[in-house]
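User: Please go through this model with me, one question at a time. I would like the cut-offs stated along with the answers.

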Amino acid sequence: MSNDALLSVRGVAKHYGAHIGCSDVSFDLFPGEVMGIVGESGSGKSTLLNCMAGHLAPDAGEVVFDTRTDGPRDTLQMSEPERRMLSRTDWAFVHQHARDGLRMGVSAGGNVGERLMAVGARNYADIRSTAIDWLDRVEINESRIDDRPTTFSGGMQQRLQIARNLVTGPRLVFMDEPTGGLDVSVQARLLDMIRSLVRDMGLSAIIVTHDLAVVRLLADRLMVMKSGHVVEAGLTDQVLDDPQHAYTQLLVSSILQV
Amino acid sequence: MFDLKNVSKTFTLHNQGGTVIEVMRGASLSVSDGECIALTGASGAGKSTLMRMLYGNYSAQGGTVQVAGVDLVKAEPREIIRLRRETLGYVSQFLRVVPRVPTLDVVAEPLLALGVDPQIARDRAAVILAKLNIPRPLWALSPTTFSGGEQQRVNIARGFVHEFPALLLDEPTASLDAKNRDVVLGLIEAAKARGAAIIGIFHDEEARDRVCDREIDVTGFSPQAAA
Amino acid sequence: MNAQHEEPVTMDQDYNFAYLDEQTKRMIRRAILKGLAIPGYQVPFASREMPMPYGWGTGGVQVSAAVMTRDDKFKVIDQGADDTTNAVSIRSFFQRVAGVATTTRTADATIVQTRHRIPEQDLVEGQILVYQVPIPEPLRFLEPRESETRKMHSLEEYGLMHVKLYEDISRHGHIATAYSYPVKVEGRYVMDPSPIPKFDNPKLGDCAAIQLFGAGREQRIYALPPYTNAVSLDFEDHPFEASKADHPCGLCDAQNSYLDEVIIDDAGGRMFVCSDTDFCTMRQADGHKGKDAA
């Protein structure tokens, strides 16, 4: 069953000098699956995400992606143009801070249209109508298309970032604390939107967060990290309701109940 | 449909000195299509633990837990996810949903996950919500603000909107009035009639007698009983 | 003003020919040759301090100095005019430090240093057009990181350039970028043609002369060899248009030259005249007369 994996991570390790960023991480992600990576600050979850997404060069390991044209390929061995092309088309990366993922000086429509233009769209009317369609899908009013993201609320900026990322119909989305820093009511709306988009587009996603409530609602599977190592992995509700590892038990029991 | 053989379950409390609590040993049971069985036993005997193991929510330490041919003890997460999406429904006592999502969409979700056309999914959700007497004005609201009985019925609607071949029901009639209880039991009977295998916990004796073919006392699965 | 450079010129012997030392000129020539070999590519060079402030053409002056020989005839224009401060001082600078002949005639010049215009008259083989460039990086205003823009050039990731044009259309209903209009060179590098009006863009491509671009403060040189393909970026449904003020020249009645709007009194009176003074003067000498001509 492992030959149809969308992403196969094998033995990924990253060290910062003597300090371990992440070590010997392996897993398969299948089409349509959403995997959460949880752990406290410094557990290596963001390092791992950045290694997989090509933002950091790991010291060891493979990140094999099932490309549309050539089948499974180790993205770490790809040339930089290939990898950047991949990250503009089949991959998407949603940053915690929308500012890191948006062009703040460019209108909402331009932000959404950029990936289209980057892959060769040269018809203004088409680009604009696609942008309008996507703004609608992330519940941003069409009338805001020419406004800059600086005039948007935090939740809107995050939704715009998602639209900008998904417009080229990627198959794999990396998300780094996508709901972090948003107030809870905005979070809920965003979570629901991400869930629907993932379902409707058949996306696979890897979501890094420290918020267990977020992974419970979004992720099918969970990986728990501590000090750079994966200490437990499995079905999300299994890991949260019947944690096997000491650290996971501590993590789960540390949540404030409301 | 359900087939448990020699299942054992322990909890290891790493943060409490590594205490090991053994809660189940040698549990075996089998449920065929079209059959509804009730798990019985005193509170704390392990009914809920067994239900959770049947859903893949708790992992067993030994034995096999087969549901529709998938052994939940060994299955990959994605096999369990697929099983839950297509075959295995679960009506829990607690409603766990994304806040602010309208009730109609909450109920339609199992169908949407199967790729059913959104309009058809919502139509079917509306039918079952109406059947369960959830007032129409509430459909557009999130169920998180509903009363206990209403939440329970939303949960039931979610469990029955797709015709799951296997169903787990945790106290489906608790906190329901007579009229709605009757509707729920009717749904269970209809599910049985179409061939669904059902395992339930019913404290409501009358309900149990009406829909269940057999009772299994989980007290027999406790380590003390097996010892 | 033509009288001025009929005078014999004498070079100030305190300076090396054309001000820069020979090693520096060789360094700049290497950058120029590399630029010519990779049309549109921005070649870094060790820009020198020049005896004029940045923004006054230090890049163009260094390029001119590096390509200049004693036999050259030098012309300088600023927004098309030979007689504005910047043009006059750069011309006299080279008269003093190189002793070269100068001219205002486009046809007579072998080197034309320009700020913000391409002469109306077609350039010919053997001529060199040297542009003064304030900001060589066309992607700069959308992507401030130089490390990133260089990568975008090397990987040919130019989607962002169209984002700029998209923004124009969304805000103004048409591509409002009127100068520094980006071109794609030989299907490869996107290049900022310096702040020439987009009216001049069609003259960039397939030009018989060598075109050299020098950015002093930014330390970049780039080039278009003769007869290079340079296409202005656009959208299918918003094609590039080389626009100009919709008037004839008030002095020489030229219909197709780039015009400056000149305010002539305090009552809102104005006239449109050729920005290329040499072109306009020549036409008037040939007997063309506009409606505002005295």
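Analyst: A crossing is called left-handed if the near helix is turned anticlockwise from the far one by less than a right angle, and right-handed if clockwise. Helices (H or I, at least four residues) and strands (E, at least two) are DSSP runs, numbered from the N terminus. The model is predicted: local features need pLDDT of at least 70, side-chain atom pairs count only at pLDDT 80 or more, and totals for chains, interfaces and linings use all residues. Residues are numbered from 1 along each chain as its sequence is written, chains are lettered from A and ligands numbered from 1 in the order in which they are written, and side-chain values use heavy atoms, with hydrogens and water left out.

User: Which chains share the most contacts?

Analyst: Contact means heavy atoms within 4.5 Å. Chain B and chain C have no contact, and their closest C-alpha atoms are 34 Å apart. Of the two pairs of chains in contact, the one with the most contacts is chains A and B.

User: What is the handedness of the crossing of H3(B) and H5(B)?

Analyst: Axes are lines fitted to C-alpha atoms, for helices over the stretch in contact, with angles from 0 to 180 degrees between N-to-C directions. Helix H3 (residues 103-113) and helix H5 (residues 148-160) of chain B have axes that come within 7 Å and cross at roughly 30°. The crossing of H3(B) and H5(B) is right-handed.

User: How do the residues of the contact of H3(B) with H5(B) divide into nonpolar, polar and charged?

Analyst: H3(B) contributes B:Thr103, B:Val106, B:Val107, B:Glu109 and B:Pro110, and H5(B) contributes B:Val154, B:Ala157 and B:Arg158. Ala, Val, Leu, Ile, Met, Phe, Trp, Tyr, Cys and Pro count as nonpolar, Asp, Glu, Lys and Arg as charged, and the others, Gly among them, as polar. The division is five nonpolar, one polar and two charged.

User: Which residue meets B:Arg158 in a salt bridge?

Analyst: A salt bridge is a side-chain nitrogen of Lys or Arg within 4 Å of a carboxyl oxygen of Asp or Glu. The N to O distance for this pair is 3.2 Å, and it links helix H5 of chain B to helix H3 of chain B, 49 residues apart. B:Arg158 is partly exposed at 23% relative accessibility, where buried means under 20% relative accessible area, exposed over 50%, and partly exposed in between (1.4 Å probe, protein chains only). The partner, buried at 18%, is B:Glu109.

User: How many residues apart in sequence are the parts that B:Asp105 and B:Arg122 tie together?

Analyst: The two residues form a salt bridge, with the closest N and O atoms 2.7 Å apart. B:Asp105 lies in helix H3 of chain B and B:Arg122 in helix H4 (residues 118-131) of chain B, so the bridge ties together parts separated by 17 residues.

User: How many salt bridges does the structure hold over all chains?

Analyst: One of them joins B:Glu22 and B:Arg25, with closest N and O atoms 2.8 Å apart. Bridges that share partners also join A:Arg103, A:Glu114, A:Arg164, C:Glu143 and C:Arg145 into one network. Over all chains the number is 53.

User: What kind of aromatic pair do B:Phe11 and B:Tyr58 form?

Analyst: Rings of Phe, Tyr and Trp (its six-membered ring) pair if their centres lie within 6.5 Å; planes under 30 degrees apart count as stacked, over 60 as edge-to-face and the rest as tilted. B:Phe11 lies in strand E1 (residues 2-13) of chain B and B:Tyr58 in the loop between helix H1 (47-54) and strand E4 (62-67) of chain B, so the pair ties together parts 47 residues apart in sequence. The centres are 5.4 Å apart and the planes at 85°, which makes the pair edge-to-face.

User: At what angle do helix H4 and helix H5 of chain A pack?

Analyst: Helix H4 (residues 108-118) and helix H5 (residues 124-137) of chain A have axes 9 Å apart, and the crossing is right-handed. The residues of their contact divide into eight nonpolar, three polar and no charged. The packing angle is about 115°.

User: Is B:Glu171 buried or exposed?

Analyst: B:Glu171 lies in the loop between strand E7 (166-170) and helix H6 (178-193) of chain B. Its phi is near 55°, a positive value in a residue other than glycine. With a relative accessible area of 9%, B:Glu171 is buried.
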